[in-house]
Every structure is written in structure tokens, then in C-alpha cells.
Amino acid sequence: MGLLTPFIVPPGEQSLYKSPFLRDFWHLNVAMMTSNNALVPDPDKEDVLASKPSDWPWLRLGLRMCGWGDHQVKYYLLGTPIIWWGGTFSLIFSVLALGVYLMRMQRRYVDYDPGKF
């Protein structure tokens, strides 16, 4: 056998490949929450560019993407009012449309006959 001969791994049990998804999902979210809760803002640094998520749909402040270094490139993403306000309007409209269709479904209103759908 030479050095270029592929190493053949015997097949393993199928039961060992399965991952307990809900347990792993829960563990991952707890780990992310724990690490995010450890992030504490520095009170010595006044951040005039920081924005809250409630500011984004109303186009009050943009998103800042940068580091604190003096020689790092800093980005300030403002966006266009058409995109931001259009997205906000479509979100509100979709929630209202969902409410209307849920009420119609609850009242058993038939929009289409089974043959026409």
C-alpha cells in the first residue's frame, strides 16, 4: 500500500449520527444568551452614533458598523426612505392582512370553491 491509498473508514451505526435537535437548539440559545448578557457597555465611551432598533423603521438614525480603533474603517448605514418606509409599511400591512384572513377563516367564509382553486 502506498501513501496515496485512500484511508477507508468502516461505516458506523445510524443511531450515532442522529442529533437531539431540540436539546442542541436549547443549549445553543442558552449559550448565546449567556454570552450576550456578559456584554456590558462601557460608560466611559459616549456613543453618539448608536441607534436603538425602534429608530430604524422611522429613519431617525442609521446602523453603525465599526470598531473603536482610530485606524479602522467606520461605516454608517442610513438607507433610503423608500426602502425603509416601504418595508415598515409592508410589515404593518401584512400583520393587518393576516388579522383579516384569520377573522375570515374563523367565520368560515369561503373565498374559492374547491373546483376553482
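1. A quick word on terms before we start: a residue is called buried under 20% relative accessible area, exposed over 50%, and partly exposed in between, using a 1.4 Å probe and protein chains only. This is a predicted model, so local features need pLDDT of at least 70 and side-chain atom pairs count only at pLDDT 80 or more, while totals for chains, interfaces and linings use all residues. Residues are numbered from 1 along each chain as its sequence is written, and side-chain values use heavy atoms, with hydrogens and water left out.

2. Let's look at confidence. pLDDT is the predictor's confidence in each residue, from 0 to 100. The chain has a mean of 79, with 77% of its residues reaching 70 or more. Strand S1 (residues 63-65) has the lowest confidence, at a mean of 66, whereas H3 has the highest, at 91. Where pLDDT is low, the predicted coordinates should not be read in detail.

3. Now the overall layout. Helices (H or I, at least four residues) and strands (E, at least two) are DSSP runs, numbered from the N terminus. The chain holds 3 helices and 2 strands, in the order α-α-β-β-α along the sequence. Of its 117 residues, 6% are buried. Taking contact to mean heavy atoms within 4.5 Å, 20% of the contacts between residues at least 6 apart in sequence join residues at least 24 apart.

4. On to the surface. Accessible areas come from the Shrake-Rupley method with a 1.4 Å probe, and for residues only the protein chains shown count as cover. The chain exposes about 11600 Å², of which carbon and sulfur atoms supply 68%. Phe21, Leu22 and Phe25 form a nonpolar surface patch with about 370 Å² of accessible area together. Patches are made of residues with over 30% relative accessible area and no salt bridge, joining like charges within 9 Å and nonpolar side chains (Val, Leu, Ile, Met, Phe, Trp, Tyr) within 5 Å. Phe25 belongs to helix H2 (residues 21-37) and is partly exposed, at 45%.

5. Which residue forms a salt bridge with Asp24? The partner is Arg23, with the closest N and O atoms 4.0 Å apart. A salt bridge here is a side-chain nitrogen of Lys or Arg within 4 Å of a carboxyl oxygen of Asp or Glu, and the whole structure has 1. Arg23 is exposed at 58% relative accessibility, while Asp24 is partly exposed at 35%.

6. Finally, helix H3 (residues 81-106). Its 26 residues should span 38 Å at 1.5 Å a residue, and the end C-alpha atoms are 37 Å apart, which agrees; the expected span is 1.5 Å times one less than the number of residues. Just after H3, Arg108 takes a positive phi of about 60°. Arg108 is exposed, at 74% relative accessibility.
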